[in-house]
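This report describes one protein structure for a reader who is new to the subject. Please keep the sequence and the structure in view while reading.

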Amino acid sequence: MLAFCLGGLLVAPPARAAEGGCGGQLVKTLPFPAGEVRIFKSRTQACAVALARDPGTRRPMAVSIQPRGGVPVRDLGQFTRYAGPVTVGAINRCVYVKGSIGVGSAESGWILC
């Protein structure tokens, strides 16, 4: 990590942990009681991550993204902060995103068409 010195203070570049490593622009957030699913879009790809509202407790989390006509890409397991990122090629393709944390979940329907 690079740090810059401004007036004697060290300033680090912003962290990407909140996005879970997705690139592109945030285009949609799907909130639910235990957290939220964030969906990002770049010119060529769509990406999703499920973020816990209260990180720290290990619990079941899952996120999936499926391009129309393709197979879903998933990340699931016991996590403390987030599941994902999961990324698919999405040039001129709709995607369907699902995410869950514990018993709460959210789905996007077909979006980014």
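Helices (H or I, at least four residues) and strands (E, at least two) are DSSP runs, numbered from the N terminus. The model is predicted: local features need pLDDT of at least 70, side-chain atom pairs count only at pLDDT 80 or more, and totals for chains, interfaces and linings use all residues. Residues are numbered from 1 along each chain as its sequence is written, and side-chain values use heavy atoms, with hydrogens and water left out.

## Overall composition

The protein has 10 strands and zero helices. Its pattern along the sequence is accordingly written β-β-β-β-β-β-β-β-β-β. A residue is called buried under 20% relative accessible area, exposed over 50%, and partly exposed in between (1.4 Å probe, protein chains only). Of the 113 residues in the protein, 32% are buried. The protein exposes about 6700 Å², of which carbon and sulfur atoms supply 56%; accessible areas come from the Shrake-Rupley method with a 1.4 Å probe, and for residues only the protein chains shown count as cover.

A contact means heavy atoms within 4.5 Å. Among the contacts with a separation of 6 or more, 43% are between residues 24 or more positions apart.

## Disulfides

A disulfide is a pair of cysteine sulfur atoms within 2.5 Å.

| Disulfide | S to S distance |
|---|---|
| Cysteine 22 and cysteine 47 | 1.9 Å |
| Cysteine 94 and cysteine 113 | 2.0 Å |

What is the handedness of the disulfide between cysteine 22 and cysteine 47? The torsion about its S-S bond is about -70°, so this disulfide is left-handed. Cysteine 22 lies in the loop between strand 2 (9–11) and strand 3 (25–32), and cysteine 47 lies in strand 5 (residues 45–52), so the pair ties together parts that are 25 residues apart in sequence. Cysteine 22 is buried because its relative accessibility is 0%, and cysteine 47 is buried at 5%.

For cysteine 94 and cysteine 113, the torsion about the S-S bond is about 130°, so that disulfide is right-handed. This pair links distant parts of the chain, 19 residues apart: cysteine 94 is in the loop between strand 8 (82–89) and strand 9 (95–101), and cysteine 113 is in the segment after strand 10 (104–111). Cysteine 94 is buried, with a relative accessibility of 11%, whereas cysteine 113 is exposed, with a relative accessible area of 71%.

Rolling a probe the size of a water molecule over the atoms shows where empty space is left. On a 1 Å grid over the protein atoms alone, a pocket is an open set of points where a 1.4 Å probe fits, with protein on both sides within 12 Å along at least five of seven lines; lining residues have an atom within 4 Å of a point. Grid points are joined across faces, edges and corners, and a volume is the space filled by probe spheres set on the points.

The largest pocket holds about 200 Å³ of space. It is lined by 14 residues, and the closest to its centre are Val63, Ser64, Arg74, Lys98 and Gly99. Strand 6 (59–67), strand 7 (73–79), strand 9 and strand 10 each give two or more residues to the lining.

Serine 64 belongs to strand 6. Is serine 64 buried or exposed? Its relative accessibility is 12%, so serine 64 counts as buried. Leaving aside residues up to four places away in sequence, serine 64 touches Val73, Arg74, Val86, Tyr96, Val97 and Lys98.

## Backbone features

Most residues other than glycine have a negative phi, and most peptide bonds are trans. Glycine 84 and proline 85 are joined by a cis peptide bond, with omega about 10°; proline 85 is in strand 8.

Asparagine 92, a residue other than glycine, has a positive phi near 55°. Asparagine 92 is located in the loop between strand 8 and strand 9 and is exposed, at 80% relative accessibility. Leucine 112 also has a positive phi, about 60°, although it is not a glycine. Leucine 112 occurs in the segment after strand 10 and is partly exposed, at 28% relative accessibility.
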